[in-house]
Amino acid sequence: MTTTDTIAALALAVAVVAAIGSWKAARNANGAAQTLSRIEQQRLHADLTPHFRCTIVANEACSTAMLWVHLEGPPGLLSHGTIEITASLRNDNPHRGDGPQLAGAPTPEEVRAHIWRPWKFSAYGRDDTGRTVAPQQLAIGEWTRYGLTPTTPPPWSTTTADVWHRDYANEPVRLSITARSKGSEWTVPLEVPVTIEAGS
């Protein structure tokens, strides 16, 4: 092998090493750019999480109540126009019904389906249990309202309605509002105290 051949071989080896290094650097840069883009998208998504102000007012007898939901922001959502919101009720214990099932006892699905809180939806468009209402369109600065009615003890329980209502008398309503817009989705958990309407 001549000196010229040796130099050519060395040059080729250096070029191969440089090409591999360049490819690795490009791959790493691309991975870093994707990571930064994903972080920025997550930050923007978090910044656009809807802000809700909710109030519940029950009549003096606590036989009916009204839930008011105000979409207050953030301002970044203004460019989205209307937002689709779906309100639903959360239970006090999401693990209820997870234990072993005894003979003759309600199924885990029946236990989880029951609303273990003081109020359920009575509004038009509610599901069979009164846990969720149909989606609505809402713009920032606007509000909507939903009728509520008291829950009852589960059919398999020996608890009376009076005891059930007394046990939940001062409990807040645990809401979950899911908002959707332009391919984004947010779930906002809320606990809303109940105000009793003053008698006239």
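The following conversation goes through the predicted model shown above.

Student: What kind of model is this, and how are residues numbered?
Tutor: It is a predicted model, in which local features need pLDDT of at least 70 and side-chain atom pairs count only at pLDDT 80 or more, while totals for chains, interfaces and linings use all residues. Residues are numbered from 1 along each chain as its sequence is written, and side-chain values use heavy atoms, with hydrogens and water left out.

Student: How many helices and strands does the chain have?
Tutor: There are three helices and nine strands. Both are DSSP runs numbered from the N terminus: helices are H or I with at least four residues, strands are E with at least two. The order from the N terminus is α-β-β-β-α-β-β-β-α-β-β-β.

Student: What share of the residues is buried?
Tutor: Buried residues make up 30% of the 200 residues. Buried means under 20% relative accessible area, exposed means over 50%, and partly exposed lies in between (1.4 Å probe, protein chains only).

Student: Which residues have the most contacts inside the largest nonpolar core?
Tutor: They are Phe52, Cys54, Leu67, Ile85, Phe121, Tyr146 and Leu175, in a core of 30 residues. A nonpolar core is a set of buried Ala, Val, Leu, Ile, Met, Phe, Trp, Tyr and Cys residues joined through side-chain atoms within 4.5 Å. Strands that each supply at least two residues of this core include β1 (51-58), β2 (65-73) and β7 (173-181).

Student: Why would such side chains be found together?
Tutor: In soluble globular proteins, nonpolar side chains tend to be buried together.

Student: On to the rings. How many aromatic pairs are there?
Tutor: The count comes to five. Rings of Phe, Tyr and Trp (its six-membered ring) pair if their centres lie within 6.5 Å; planes under 30 degrees apart count as stacked, over 60 as edge-to-face and the rest as tilted. One of the pairs is Trp116 with Trp164, which is tilted, at 5.9 Å centre to centre and 50 degrees between the planes.

Student: Where do Trp116 and Trp164 sit in the chain?
Tutor: Trp116 is in the loop between α2 (108-113) and β4 (119-121), and Trp164 is in helix α3 (residues 161-167), so the pair links distant parts of the chain, 48 residues apart. Trp116 counts as buried at 11% relative accessibility, and Trp164 counts as buried at 6%.

Student: Why is the pair of Trp164 and Tyr168 edge-to-face?
Tutor: The planes of Trp164 and Tyr168 are at 65 degrees, with the ring centres 5.0 Å apart, so the pair is edge-to-face. Ring pairs link Trp116, Trp156, Trp164 and Tyr168 into a cluster.

Student: Last topic: is Ser181 buried or exposed?
Tutor: Ser181, in strand β7, counts as buried because its relative accessibility is 7%.
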